[in-house]
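Colleague: I have just opened this one and have never looked at it before. Could you walk me through it?

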Amino acid sequence: MKVLAFLQNMWVIDPKRIEASITRHGEAYRRRLIAYALFAGCLTGRRLRMAFGRDTCQRIIWEEASREIAGNAREVCKPDHAHIAAVLERERPDVVLAFGQVAGAAVAGLWHGRLICAPHPAARQAGTLDRLREAAADLASLEIA
């Protein structure tokens, strides 16, 4: 089963440097960078691994709802609907995961297949990890069926 996940947007300490690298190395580099940055030790990646497991996280295709790169963790970039639609068309997933309200709302307006919405993994609300585990269980039940 092909699983595509959308987070809200990437953030790094030096977004201009990363944007220049993406410009220099291209789209395939940007897609690899998303997964690398996500699982290089940040809270979001750690919580995703806790909830979904390492193996499942490695099988998921990771994307962002916005190609814009923020300079701090609190900045939320506006979703890019054309980008989301293009990724959905290119990947043609069986299931889409959307993390966070911004990504969830943007994807829900464009995707009419199986969609699992979950909180952003770095959300500060009580029960975030439990809700991520519920989303992981929902995904696992689809893979078993």
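Colleague: What share of the residues in the protein is buried?

Modeller: Buried residues, meaning those under 20% relative accessible area with a 1.4 Å probe and protein chains only (exposed is over 50%, partly exposed in between), make up 43% of the 145 residues. Please keep in mind that this is a predicted model, where local features need pLDDT of at least 70 and side-chain atom pairs count only at pLDDT 80 or more, while totals for chains, interfaces and linings use all residues. Residues are numbered from 1 along each chain as its sequence is written, and side-chain values use heavy atoms, with hydrogens and water left out.

Colleague: How many helices and strands are there?

Modeller: The protein has seven helices and four strands, taken as DSSP runs (helices H or I of at least four residues, strands E of at least two) and numbered from the N terminus.

Colleague: Take helix H2, then; which of its residues are buried?

Modeller: In H2, which covers residues 27–38, the buried residues are Arg30, Leu33, Ile34 and Leu38. Seen down the helix axis they fall within an arc of 115°, so they line one face of H2; the arc is that of the directions from the axis to the C-beta atoms. An α-helix has 3.6 residues a turn, so residues three or four places apart point the same way.

Colleague: And what does the face turned away from that buried side carry?

Modeller: That face of H2 carries the exposed residues Arg32 and Tyr36, whereas the buried residues pack against strand S1, helices H1, H3 and H5, and strand S2.

Colleague: Switching to His83, is it buried or exposed?

Modeller: His83, in helix H5 (residues 81–91), counts as buried because its relative accessibility is 8%. Its contacts (heavy atoms within 4.5 Å), not counting residues up to four places away in sequence, are Arg30, Glu63, Glu64, Ala65 and Arg67. A polar atom of the His83 side chain lies 3.1 Å from the backbone oxygen of Glu64.

Colleague: How many aromatic pairs are there?

Modeller: The count comes to three, where rings of Phe, Tyr and Trp (its six-membered ring) pair if their centres lie within 6.5 Å, with planes under 30 degrees apart stacked, over 60 edge-to-face and the rest tilted. The rings of Phe52 and Phe99 have centres 5.9 Å apart and planes at 80°, so this pair is edge-to-face. Because Phe52 lies in helix H3 and Phe99 in strand S3, the pair ties together parts 47 residues apart in sequence.

Definitions and conventions:
A polar contact is a pair of N or O atoms within 3.5 Å; within protein, one must be able to donate a hydrogen and the other to accept it, and residues adjacent in sequence count only if both atoms are side-chain atoms. The expected span of a helix is 1.5 Å times one less than its number of residues.
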